[in-house]
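Take a walk through this model with the sequence open beside you. We will go from a pocket to the helices and then to the strands.

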Amino acid sequence: MWLQKVAVYLSAAGMVCYMLLLNGVLRILQVVWPALAKKIILKLGEKVTMTQNPRFKYDDWGSTFASMAFVRTVCDNMWLSLGQEAFVGLEAPDSAVVTMERERTSIGKFVRDGWAFRNNIEIKQHRSLEDRLSAAQILVQEEPLCPVVVDDMSNSCSVKYGAMPERLYVLQAGKVTYKGAMGPWGYNPQEVRSHLEKT
C-alpha cells in the first residue's frame, strides 16, 4: 500500500503542476490568440465528454479553465486526494454516510456485488447536510438500482476514496475491484461497464 500512497502523492503534485501550467498558458492565449485558446479548451472538453452534452455550451464552461477558481478547486481536490485509502485489491475502506431517511450509517452496509451507477447528474457544492440530501433527491427520482446515500459533511468517504471531484469505483465482496482515474478527465463509465461485464 505504501507504493500506492507514493503514487498518489506524485500524481497529485504532477496534476497541480499541469493545471497551473495549463491555466497560465490558457490565460495568455485568451489575450493573444483567443481562437487557439478556444480550440485547446474544446479539445480538453472532448476528453471529459463535456462537448457531447447538449446542455453544456462552450460559453458555459470554456472560460472556467483559465480562472483562479479552477486552480483553487484543483488544488483543494488534490489536497483531499492525499487522504485516499481505497486501492484496487485491498479492503474497501468504511466511512460514515447518511441515508435519505437521515440515518447515520456506514458505506460498508451498502457494498454488495452488482452496485453500479448509470447516470451522472450535475449537483452544486453543498453547504449543509440538508443541501446534500436535497441534491440526492435528484438521484432518487431517477430510480437508481442501488441505495442512495450521501457523505457526511466532513467528506470522510470522499477523502478515503479520493473521489474529489469525481471518481468511479466498483466494490465487490468488501474489496475494491476497480478504481477509475480521477475525474473529470479520468471519468470513464464505459470502463466501469466493461469491468462489471467481466466480473
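Residue classes come first: Ala, Val, Leu, Ile, Met, Phe, Trp, Tyr, Cys and Pro count as nonpolar, Asp, Glu, Lys and Arg as charged, and the others, Gly among them, as polar. By that scheme, the lining of the second largest pocket has nine nonpolar, six polar and two charged residues. Keep in mind that this is a predicted model.

Stay with that pocket. The second largest pocket holds about 230 Å³ of space. It is lined by 17 residues, and those closest to its centre are Ser11, Gln84, Arg167, Ala181 and Met182. Which helix gives the most to this lining? Helix 1 does, with six residues. Helix 1 spans 2-32, and helix 4 spans 68-81; each supplies at least two residues of the lining. Domain 1 (1-82) and domain 2 (90-197) each contribute at least three residues to the lining of the second largest pocket.

Now follow helix 1 to its partner. Helix 2 covers residues 34-47, and its axis comes within 6 Å of the axis of helix 1. The two axes cross at roughly 145 degrees. From helix 1, the contact uses Tyr18, Leu22, Leu26, Leu29, Gln30, Val31 and Val32. Helix 2 answers with Pro34, Leu36, Ala37, Ile40, Ile41 and Leu44. Sorted by class, this contact has twelve nonpolar residues, one polar residue and no charged ones.

Next, the sheet. Strands of a sheet pair through backbone hydrogen bonds, either parallel or antiparallel. Here, three strands form an open sheet in the order 2-1-3, and the pairing is antiparallel. Strand 2 (104-106) and strand 3 (149-151) are the edge strands, each pairing on one side only. On average, neighbouring strands of this sheet are turned by 45 degrees against each other, direction ignored.

Look at the pairings of strand 1. Strand 1 takes in residues 96-99 and pairs with strand 2 over three bridges.

One more hairpin remains. Strand 4 (residues 169-172) and strand 5 (residues 175-179) run antiparallel and are joined by four bridges. Leu171 stands opposite Val176 of strand 5. How many residues lie between strand 4 and strand 5 in their hairpin? There are two residues between them. In the turn, Ala173 has a positive phi of about 50 degrees.

Conventions. Residues are numbered from 1 along each chain as its sequence is written. This is a predicted model: local features need pLDDT of at least 70, side-chain atom pairs count only at pLDDT 80 or more; totals for chains, interfaces and linings use all residues. Side-chain values use heavy atoms; hydrogens and water are left out. On a 1 Å grid over the protein atoms alone, a cavity is a set of points where a 1.4 Å probe fits but cannot get out, and a pocket is an open set with protein on both sides within 12 Å along at least five of seven lines; lining residues have an atom within 4 Å of a point. Grid points are joined across faces, edges and corners, and a volume is the space filled by probe spheres set on the points. Domain bounds come from an automatic or database domain assignment. Two strands pair if DSSP finds at least two bridges between them. Axes are lines fitted to C-alpha atoms, for helices over the stretch in contact, and angles run from 0 to 180 degrees between N-to-C directions. Contact means heavy atoms within 4.5 Å.
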